[in-house]
Amino acid sequence: MSKSPLTLYLAAPRGFCAGVDRAIKIVELALEKWGAPVYVRHEIVHNKHVVDGLRNKGAVFVKELEECPDDRPVIFSAHGVPKSVPSEATARQMVFVDATCPLVSKVHIETQRYYEQGLQMIMIGHNGHPETIGTMGQLPDGEVLLVETVEDIETVDVRDPQKLAYVTQTTLSVDDTSDLVAALQKRFPDIIGPHKEDICYATTNRQEAVKAIAKKANALIVIGASNSSNSQRLVEVGIRGGCHFAQLVPNASEINWGALNEMESVGVTAGASAPEELVQGVIEAFCDRFHVTIETIETIKENVEFKVPRILRHTSTDAAAV
């Protein structure tokens with residue numbers, strides 16, 4: 001039986017961003033420096049494949065710091081943590097390494113700076129997301145108010161409308177966030193925003209690549225975890241951009257092939273915490289079912305790299321145990 005022809009449009013850039021790459025490297029270097037086990041508070045990044053791989057190397061993933069022993073190193077995830085977490089680790093005299101993405105740390109610094117200027121914060125973000133919890137946890141309760149929708153902005157109760165600033169979660173939809181910022185500025189004309197937008201370069205770049213693909217492809221496959229905010233946004237961007245079908249999958253085994261049978265072209269991308277090997281697995285799965293022509297749609301080249309913390313820059317397998 002002959003295979004139907006299909007054009008695969010591969011997004012570039014896609015997959016790992018510099019913050020995710022750094023966070024994974026931090027866990028690997030910590031295991032090299034101190035040996036197993038190394039504890040990690042929350043998933044280091046939102047991807048089961050990555051987490052399982054690090055777990056097999058000796059990382060132990062926990063929900064809260066209280067689950068960690070005092071005498072083993074602990075790493076905080078790339079999404080950031082409330083100030084209370086490193087404070088508790090310090091009080092317990094624990095060795096800890098903060099893997100918070102530098103672009104999330106930038107938002108934390110902004111938040112602290114605004115607070116010191118006497119401003120109350122409004123954060124645009126998703127309720128319950130680790131990054132939102134971490135950013136709101138930089139300040140005392142009530143100093144950061146969360147909004148998710150334009151309706152939230154219309155009803156949010158602030159202390160003084162003339163003493164406000166806003167920050168955003170770094171993994172949001174660029175277009176949706178622009179609408180929310182406009183609504184904030186309309187209701188609170190004096191509100192202060194960041195000098196440079198908080199949405200990270202990788203989120204923006206991956207969304208731009210999907211927008212370019214959506215003009216060509218009938219459908220879009222996004223490789224990423226269901227709890228990955230930036231991956232979910234890529235699905236939304238694809239549908240908004242014109243794809244008739246878009247699906248978020250953790251790997252090739254979850255693809256809804258029935259929905260793709262009549263398609264002539266499919267776009268493929270990956271969220272910022274999805275490794276390239278999962279992308280290659282999806283490409284192979286398409287090649288098994290279709291006569292595939294591959295075209296890469298590159299919208300920008302990325303060359304960002306973040307250094308690991310100083311404590312891990314010189315590791316040795318014979319380093320003294322903690």
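## Loops, helix contacts and cysteines in a predicted model

Histidine 42 sits in the loop that runs between strand 2 and helix 2 (48-57). The model is predicted. Although histidine 42 is not a glycine, its phi is positive, at about 70°. With a relative accessibility of 26%, histidine 42 counts as partly exposed.

Glutamine 93 also has a positive phi, near 60°, in a residue other than glycine. Its place is the loop between helix 3 (84-91) and strand 5 (96-98). Glutamine 93 counts as exposed, because its relative accessibility of 71% is over 50%.

Proline 13 belongs to the loop between strand 1 (4-12) and helix 1 (18-34). Proline 37 is placed in the loop between helix 1 and strand 2 (38-41).

The table lists relative accessibility for residues treated in this report.

| Residue | Relative accessibility | Class |
|---|---|---|
| Cysteine 17 | 11% | buried |
| Histidine 42 | 26% | partly exposed |
| Cysteine 68 | 4% | buried |
| Glutamine 93 | 71% | exposed |
| Valine 156 | 10% | buried |

**Helix contacts**

Two packed helices are described by the angle between their axes and the distance between the axes. For helix 1 and helix 2 the angle is about 5° and the axes are 10 Å apart. Helix 1 is therefore roughly parallel to helix 2. On the helix 1 side the contact involves Ile24, Val27, Glu28 and Leu31, and on the helix 2 side Val50, Leu54 and Lys57. Sorted by class, these residues are 5 nonpolar and 2 charged, with no polar residue.

Helix 8 (residues 201-214) and helix 9 (residues 229-241) form another contact, in which the axes come within 9 Å and cross at roughly 30°. Since angles under 35 degrees count as roughly parallel, helix 8 is roughly parallel to helix 9. Their crossing is right-handed. Helix 8 contributes Thr203, Arg206, Gln207, Val210, Lys211 and Ala214, while helix 9 contributes Asn230, Arg233, Leu234, Val237, Gly238 and Gly241. In this contact of helix 8 with helix 9 there are 4 nonpolar, 5 polar and 3 charged residues.

**Cysteines**

How many disulfides does a search of the whole structure find? The search returns 0. Cysteine 17 is in no disulfide, and the nearest cysteine sulfur, which belongs to cysteine 200, is 5.8 Å away. A pair of cysteine sulfur atoms has to lie within 2.5 Å to count as a disulfide. Cysteine 17 is buried at 11% relative accessibility. Cysteine 68 is buried as well, with a relative accessible area of 4%.

**Valine 156**

Valine 156 lies in the loop between helix 6 (150-155) and strand 8 (164-168). Leaving out residues up to four places away in sequence, valine 156 touches Ile122, Leu145, Val147, Arg187 and Phe188.

Definitions and conventions: Residues numbered from 1 in each chain as written. Predicted model: local features only at pLDDT ≥ 70, side-chain atom pairs only at ≥ 80, totals over all residues. Heavy atoms only, no water. Axes fitted to C-alpha atoms, helices over the stretch in contact; angles between N-to-C directions. Helix = DSSP H or I, 4+ residues; strand = E, 2+ residues; numbered from the N terminus. Parallel < 35°, antiparallel > 145°, perpendicular 65-115°, else oblique. Left-handed = near helix turned anticlockwise from the far one by under 90°. Contact = heavy atoms within 4.5 Å. Nonpolar A, V, L, I, M, F, W, Y, C, P; charged D, E, K, R; others polar. Buried < 20%, exposed > 50% of the residue type's maximum accessible area, 1.4 Å probe, protein only.
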